[in-house]
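We will walk from one stop to the next, picking residues as we go.

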Amino acid sequence: MASNIPNVEDIMVKNVASATLPGSRDEVLSILKDKKVSGVPVLKDNKVVGIVSRTNILKNPEEEQLALLMSRNPITIQVGASLKEAARLLYEKNIRRLPVVDEHGHLEGLITTADVIGAIADFDIETPVGDFLSSNVYVLWDETPLPVVSVLMDLADVKACPVIDAALNLVGIISDRDVVGSSIIEDRVEKSDMSAGDDDDSWTWESMRDTMSIYYSVSSVKLPNDKFAKDIMVSDLISATKISSVSSCARKMKRARIDQIPVVGADGTLEGMLLDRDLLLPLIQME
């Protein structure tokens, strides 16, 4: 099987959506929403200098400058590297995308966890996914307000959560893509009062100082308070069981363009979550 594993250049995306310095948060948000991607490389002189993702934006809602939003010194991979090496980097570094560069650091393409999963879907790995399930599952109540959903996912450091109702039934899945898709840009004007008096002037009383008001515009990413988990969750669930094979689950993810699958028991109760990165391990371990 190992001899049939493709190289990075065989499956990478070549026409890569990217952002360029200097740039703004709003430009990146537009790319993420229009292209339906979760992150893009940031270029300067066609060299990769950073990565900006939905997580960067959600963690820094007040920041507008791309240079301050992006993650610097991103991990990259050479265009001739093996797919197993890409899977190893994605898994060990806990990242979701690798810019593919030439020997000069120029962007040649992008390979993501989803691209690797697409390749695994074409393999014949019959190992049951129960051997690779994530150990921790973070669950949301369907009545959780959307801003709280964002904070909880951030604190738990997860990209997706199953959603349950008051009867503890599994009713949906929420990903960071759903959260960003519901975000809005809020502009507001703030005021700052500055004294024209000299603090070192003993004859200047506090009440007599001249003041100057400065008004400035502030823009930030906001999540509506009137929306709840149930309003943005995906309710048409695709599930698996612990005995489902690695490749069959990879095919489900590829067809539905999802990066997680709830794993349920015979009675339909939630037993765990299978993340796309969990399926990287069987490929890494292949001889």
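Start by selecting E85, R88 and E92, which are linked in a network of salt bridges (a salt bridge being a side-chain nitrogen of Lys or Arg within 4 Å of a carboxyl oxygen of Asp or Glu). A word on what you are looking at: this is a predicted model, in which local features need pLDDT of at least 70 and side-chain atom pairs count only at pLDDT 80 or more, while totals for chains, interfaces and linings use all residues. Residues are numbered from 1 along each chain as its sequence is written, and side-chain values use heavy atoms, with hydrogens and water left out.

**Stop 1: helix α5**

Zoom in on R88 and E85, whose side chains form a salt bridge at 2.6 Å, N to O. Both residues sit in helix α5 (residues 83-92), three residues apart, or about one turn of the helix. Helices here are DSSP runs of H or I with at least four residues, strands are runs of E with at least two, and both are numbered from the N terminus. R88 has a relative accessible area of 27% and is partly exposed; E85, at 29%, is partly exposed as well. The scale runs from buried (under 20% relative accessible area) to exposed (over 50%), with partly exposed in between, using a 1.4 Å probe and protein chains only.

**Stop 2: a link between two loops**

Next, select R96 and D259, another salt bridge, with 3.7 Å from N to O. R96 is in the loop between α5 and β6 (97-101), and D259 is in the loop between α10 (246-256) and β13 (260-264), so the pair ties together parts that are 163 residues apart in sequence. R96 is partly exposed at 22%, whereas D259 is buried at 12%.

**Stop 3: sequence neighbours**

Now pick R25 and D26, whose closest N and O atoms are 3.1 Å apart in a salt bridge. Which of the two is buried, and which is partly exposed? R25 is buried, with 0% relative accessibility, while D26 is partly exposed at 36%. In total, the structure holds eight salt bridges.

**Stop 4**

Centre on V8: leaving out residues up to four places away in sequence, V8 touches I77, V79, A81, S82, L83, A86, V100 and I111, a contact being heavy atoms within 4.5 Å.

**Stop 5: colour by confidence**

Finally, colour the chain by pLDDT, the predictor's confidence in each residue, from 0 to 100. The mean is 82, and 85% of residues reach 70 or more.
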